[in-house]
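Reader: Please take one part of this model and go through it closely. I would like the geometry before the residues, and the wider setting last.

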Amino acid sequence: MLGSVGGIRKAFEEADVQSLIAQFGAEFVRGPDAPGLLQDQSEESDLVASEVDWQNLVARIHGGEDSGMEDLYSLFARGIRFYLCRQLGPQELDDKIHDTFLIVVQAIRKGDLREPERLMGFVRTVVRRQVAAHIDKVVHSRREELDLDVGVRVADVRRNPEQSAAFQQKVEFMVSVLDGLSERDREILSRFYLDEQSQEEICDEMDLSETQFRLLKSRAKARFGELGKRKLLQRPVGSISMRTFTRCAHY
Amino acid sequence: MNVRFSSHFSQDFLELYALGLVSVHGCSDVEEHLLVCPQCQAQLEAADAYISVVRSAYILISARSSSYPRMRPMLVAESL
């Protein structure tokens with residue numbers, strides 16, 4: 001796959017790029033109804049990062065080889081989906097992924113990527129620009145519609161009832177964990193997870209060592225995991241849902 | 001096809017990234033890695049979910065202990 005070279009070089013018009021993306025996209029890009037954001041890809045072959053021949057890959061895409069397009073999708077489709085979904089939510093995800101690949105491929109074809117080994121960085125830049133452009137568009141359209149300029153939330157936060165119930169249960173577990181902590185320990189975690197203070201700031205202000213801080217965090221996590229496992233074991237088998245916590249609703 | 005790495009970002013680091021506490025330079029490294037590393041994507045997803053749960057739990061606790069009972073439905077709704 002990635003190491004293969006060959007094929008006839010041909011010039012691709014935009015329409016060709018579009019149809020190729022549609023062809024490979026159908027195979028690799030999953031729709032929003034897919035069971036989870038992260039799929040089991042155990043059947044796929046692994047490649048050590050250092051062995052990826054970026055120069056060869058970029059050359060094949062530049063030359064319009066199908067294998068280049070296929071490998072580009074194979075390498076990045078999942079990661080781009082993950083990034084876009086995490087930042088913007090699942091709505092119109094396939095279109096956004098398609099647009100991203102289109103920009104990347106067209107730039108490579110035009111010779112804009114001068115350092116092939118920087119392909120990962122280039123893809124990241126394109127994805128970030130896509131996110132920024134989408135946010136900008138949403139902010140502007142909401143301003144125009146509602147004359148609001150604060151509190152805009154872009155990512156889709158909707159969960160289905162089953163997911164909401166599972167999430168609520170996890171929140172209750174966490175409430176139990178936090179209830180079991182001293183007020184000081186609760187404050188430490190609150191500063192980190194809610195106020196987003198850095199570890200250094202917290203340790204400094206609350207006279208804590210780095211080890212104490214890490215221990216508190218990891219103990220809370222372990223306790224949360226224990227409660228979850230215990231609760232799961234208490235449930236009758238029939239009540240265990242086939243679907244678990246949503247993998248796309250992060251917020 | 002998956003790309004394997006000889007090393008990955010730690011859970012602690014991914015948690016910091018999820019909280020937006022990583023420097024711009026650190027962000028570029030982790031985001032490039034995340035584009036092609038399913039293992040770290042899964043770890044980050046878990047970190048996001050955990051942070052969301054912790055935040056919601058704090059909101060719930062604060063709503064339960066609030067002296068303004070009328071605020072509670074709004075806060076609970078936000079936590080969902």
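Author: Helices α2(B) and α3(B) are roughly perpendicular to each other, a label that covers angles of 65 to 115 degrees. The model is predicted, so local features need pLDDT of at least 70 and side-chain atom pairs pLDDT 80 or more, whereas totals for chains, interfaces and linings use all residues; side-chain values use heavy atoms, without hydrogens and water. Residues are numbered from 1 along each chain as its sequence is written, and chains are lettered from A and ligands numbered from 1 in the order written.

Two packed helices are described by the angle between their axes and the distance between the axes. Here, the axes of α2 (residues 24-36) and α3 (residues 38-64) of chain B cross at roughly 110° and come within 6 Å. Axes are lines fitted to C-alpha atoms, for helices over the stretch in contact, with angles from 0 to 180 degrees between N-to-C directions. Helices are DSSP runs of H or I with at least four residues, and strands are E runs of at least two, numbered from the N terminus.

On the α2(B) side the contact (heavy atoms within 4.5 Å) involves B:H33, B:L34, B:L35 and B:V36, which meet B:P38, B:C40, B:Q41 and B:L44 of α3(B). Six of these residues are nonpolar, two are polar and none is charged.

As for chain A, it has nine helices and one strand. Its helix α2 (residues 54-62) has A:W54, A:N56, A:L57, A:V58, A:R60 and A:I61 buried, meaning under 20% relative accessible area with a 1.4 Å probe, protein chains only. Just after α2(A), A:G64 has a positive phi of about 80°.

How values were computed:
Angles under 35 degrees count as roughly parallel, over 145 as roughly antiparallel, 65 to 115 as roughly perpendicular and the rest as oblique. Ala, Val, Leu, Ile, Met, Phe, Trp, Tyr, Cys and Pro count as nonpolar, Asp, Glu, Lys and Arg as charged, and the others, Gly among them, as polar. Buried means under 20% relative accessible area, exposed over 50%, partly exposed in between (1.4 Å probe, protein chains only).
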